[in-house]
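Reader: I'm new to this one and would like to learn how to read it. Could you walk me through it, feature by feature?

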Amino acid sequence: MAGATSDSGPDDSHKRGDGAGAIELPAWAKALGWCGVAGLIYLLICAVSIISRGFAGLGSDAAHTMFAFASHPWVGLSVGVLGTVLIQSSTTTTAIAVTAVGSGALPIEGAIPIILGANVGTTVTTSLVALTFIGNRTEFRRALGASTVHDFYNWLALLIFFPIELIWHPLEHISGSLTDALYGTDWLPNPAHFNFIRAATRPVEHGVIHATSHVSSTLGPLFTIVIGAALILVAVRYLGKLLKLLMVGRARDILIKAVGRNPYLAMASGMGVTVVTQSSTITTSVLVPFAGTGILKPAQVYPVVVGSNLGTTFTVVFAAFAGVGPDAKIGLQAAFVHLIYNLFAIIVIYVIPLLRPVPLYCAENLARIASEHRWVLAVYLGTVFIAVPALVIVLVGVL
């Protein structure tokens, strides 16, 4: 009964917000507020990129070292998860794995588990964004439910397809056939030439990198990460405050209709935004404040997350078609592995109704428990994304 009461509270408050209880802002204040929202979303995107660069400065060399002994599938899977947590970029992890394959240090069979693990490791950032709501139990529960649905969707996909790949190798065979058929056609553009978001955020990112480059090679990336985390805290904190004032009445209805009316349109939106931003982390991270403030529900964020998973694979495929050199063909096959895996995941988990509720159920229950016992989230993130992969790497790959 208590849970039902707490769930109904936010909805009632928003209904009241649409009526007499809402603060009616003048037109100039609304225009200024929306400019602030755009600026804070821009700052959030910059912050995610800054953190990624910081982790890359710390972790890329270590990731190269780990891939050297990642031919065992369980080690490769753990390297994919842990390496992406360190680097904060599944695309970078995949690219490093492809480089290892091209140099002969890793077979394609070893690269596939790394790619599957990278698909999971990239979800950590959205959980960190949800932590900015930890001061308010209700908002924290909503934000965490929306952010961890990405975790559980990817974990469920891994649970289904990783054993199948170990036994029958469908991803390897299908991606190999597609590569043989399409390699060398040179008919798809490289999205790096059209990455407007990247171009817009690069000045801020480079400014932070330059400011921290005067210290040591270890402290510089650490300072970069701290600055990125601080920017996320500032962006999310004030984004939430602005959205509470602005997202009432018609503005709130428009957003809910755009994301919540048709799940497949929401999925297409998530895919499109991710193709433009070239980061599923950015797409999902931007939605977390909307969920935390009650504007969107985790169920409405869910299909956007699924679409963002697929969108990030197109970037890699387009870029792979433009690749040259001895490892270009194997790079295209690795890109197809990522694409086919996420297509299969959508069909099996989301399109077929049987498994569709599972990620959402798990995410909302974890959020409910973690909102009552904050240490649960720390244990979950530390165990699943760091301790277990590191233990597998040590016990299987090293000893």
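Predicted model: local features only at pLDDT ≥ 70, side-chain atom pairs only at ≥ 80, totals over all residues.

Reader: Where is confidence lowest in the protein, and where is it highest?

Author: Look at pLDDT, the predictor's confidence in each residue, from 0 to 100. The protein averages 79, and 73% of the residues score at least 70. Helix H1 (residues 2–17) has the lowest confidence, with a mean of 40, while helix H16 (residues 357–372) has the highest, at 96. Over residues 1–22 pLDDT stays under 50, and the model has 16 contacts there beyond four places in sequence.

Reader: Now the rings. How many aromatic pairs does a search of the whole structure find?

Author: Nine. One of them joins Phe152 and Tyr380, which are stacked, with 5.9 Å from centre to centre and 20° between the planes. That pair links distant parts of the chain: Phe152 belongs to helix H7 (residues 137–168) and Tyr380 to helix H17 (residues 375–398), 228 residues apart. Tyr380 also pairs with Phe385, edge-to-face this time, at 5.9 Å centre to centre and 85° between the planes. Together, Phe152, Trp155, Tyr380 and Phe385 make one aromatic cluster.

Reader: Is Tyr380 buried or exposed, and why?

Author: The general idea is a cut-off: buried means under 20% relative accessible area. Tyr380 counts as buried because its relative accessible area is 11%. Phe385 is buried as well, since its relative accessibility is 1%. Phe152 is also buried.

Reader: What lies over the face of Tyr350?

Author: That's Arg356, at 4.8 Å from the ring centre.

Reader: How do I read the surroundings of a single residue? Which residues is Ser285 in contact with?

Author: Leave aside neighbours within four places in sequence, and you get Leu44, Val48, Thr125, Thr126 and Val129. Ser285 itself is in helix H13 (residues 280–292). It counts as buried because its relative accessibility is 0%.

Reader: Let me try Val259. Where is its place, and what does it touch?

Author: Val259 is in helix H11 (residues 250–260). Not counting residues up to four places away in sequence, it touches Ala266, Leu296, Gln300 and Val304. Take Gln300: it is 41 residues from Val259 along the chain, yet their C-alpha atoms are separated by 6.3 Å. Val259 is buried too, as its relative accessible area is 13%.

Methods: Residues numbered from 1 in each chain as written. Heavy atoms only, no water. Phe/Tyr/Trp six-rings, centres within 6.5 Å; stacked < 30°, edge-to-face > 60°. Helix = DSSP H or I, 4+ residues; strand = E, 2+ residues; numbered from the N terminus. Buried < 20%, exposed > 50% of the residue type's maximum accessible area, 1.4 Å probe, protein only. Lys NZ or Arg CZ within 6 Å of the ring centre and 35° of its normal. Contact = heavy atoms within 4.5 Å.
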